[in-house]
Amino acid sequence: MTRHLTLPRPDDWHLHLRDGAMLAAVCPETTRDFARAIIMPNLVPPVVTGAQAAAYRDRILAACPPGHDFTPLMTLYLTEETDPADVLRAHAEGIITAVKLYPAGATTNSASGVTDFDRVRGVLDAMAEAGIPLCVHGEVTDSEVDIFDREAVFIERVLDPIRRATPGLRVVLEHVTTRDGVDYVRANDDGLAATITVHHLVINRNHILAGGIRPHYYCLPVAKRETHRLALREAASSGDSRFFLGTDSAPHADDAKESACGCAGCFTATNAMSILAHVFEEENALDRLEGFVSRHGPAFYRLPVNEGTITLEKGDTAAGWPDRIDTDAGPVTVFDPGFDVFWRVAEGA
Ligand code: DOR
Ligand code: ZN
């Protein structure tokens, strides 16, 4: 028996497309299914000015396969030198959709991020005034804080103070990984939302560490214990519009992951929609998938829902996808959920 589910074309509200050879190879994996994506600016060097964001947008559009209708929604990488006027100008000209806050040292290419939050106060005030969302990597970088606690501590020490000091600032707590994060979002108003990845709905920390180290399950924020995964599944499938999809699909060449000091990131662009359909069906919430992937994000970002549609179909045989994508920067392993998935995106959708 085949079952079908047709949704407005989904968006990915947190995506790493990289640049150069990697961009060329991974871009079609996203544009096949998604109409828009919030593009992360953590290139080397990072995308810190409106002019750089415009140039990066053009490189992404050049990498989109013909026939794929895709709009990259650009972000600026917030540094202590960011000029509020440049942010406002880039937003007014339609070049950027949001600004990304990386605490310095929190993750891949975050060295230029923020150390002293008082030094970005002027930018945050200007963003609040103009209604520009701040996308936040919510982890403290203090080496004394246990890596599994860094999100919860960030919320208390950094995020809540920033939000109190900047009323009206619209904030996305990105790739939320904890029950604490979910509860914090739920306890606040609709100026605060959170994205949830595919992989954090599927794996807990045992998947990374039990029975051998699995570098392809290592990402940041690192997957937490099972109770947190269950809280994320509940939030994603609850219908609460403050939670929406941000895959954080983050390709690294396999040799950079399968290393004595492996990079953080799960590459889910290829199979995100299939796995989500599986997860939402398990949660008896297939009717809420549309909100999570197609409606809640546009509502927060004040953008229209996409006009096209995508059809998911459930077959009798497991959906196939390549184990890895070949790129001129080396192969990139596709996220393995560890179970068979019978949902696939219908051809020609
Ligand atoms: O796992 C991750 N990979 N988390 C991030 O925050 C960054 C990303 C990357 O750029 O590789
Ligand atoms: Zn990310």
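Strand S7 (residues 171-173) and strand S8 (residues 192-196) run parallel and are joined by three bridges. Within this pairing, valine 172 stands opposite alanine 193 in S8. The model is predicted: local features need pLDDT of at least 70 and side-chain atom pairs count only at pLDDT 80 or more, whereas totals for chains, interfaces and linings use all residues. Residues are numbered from 1 along each chain as its sequence is written, chains are lettered from A and ligands numbered from 1 in the order in which they are written, and side-chain values use heavy atoms, with hydrogens and water left out.

Helices (H or I, at least four residues) and strands (E, at least two) are DSSP runs numbered from the N terminus, and two strands pair if DSSP finds at least two bridges between them. On this basis, eight strands form an open sheet with parallel pairing, in the order S2-S3-S4-S5-S6-S7-S8-S9. Strand S2 (11-15) and strand S9 (243-245) each have a single partner strand, so one side of each edge strand is left without a neighbour in the sheet.

Histidine 16, in the loop between S2 and helix H1 (20-31), and aspartate 248, in the loop between S9 and helix H10 (254-257), are 232 residues apart and link distant parts of the chain. Buried means under 20% relative accessible area, exposed over 50%, and partly exposed in between (1.4 Å probe, protein chains only). Histidine 16 is buried because its relative accessible area is 8%, and aspartate 248 is likewise buried, at 6%.
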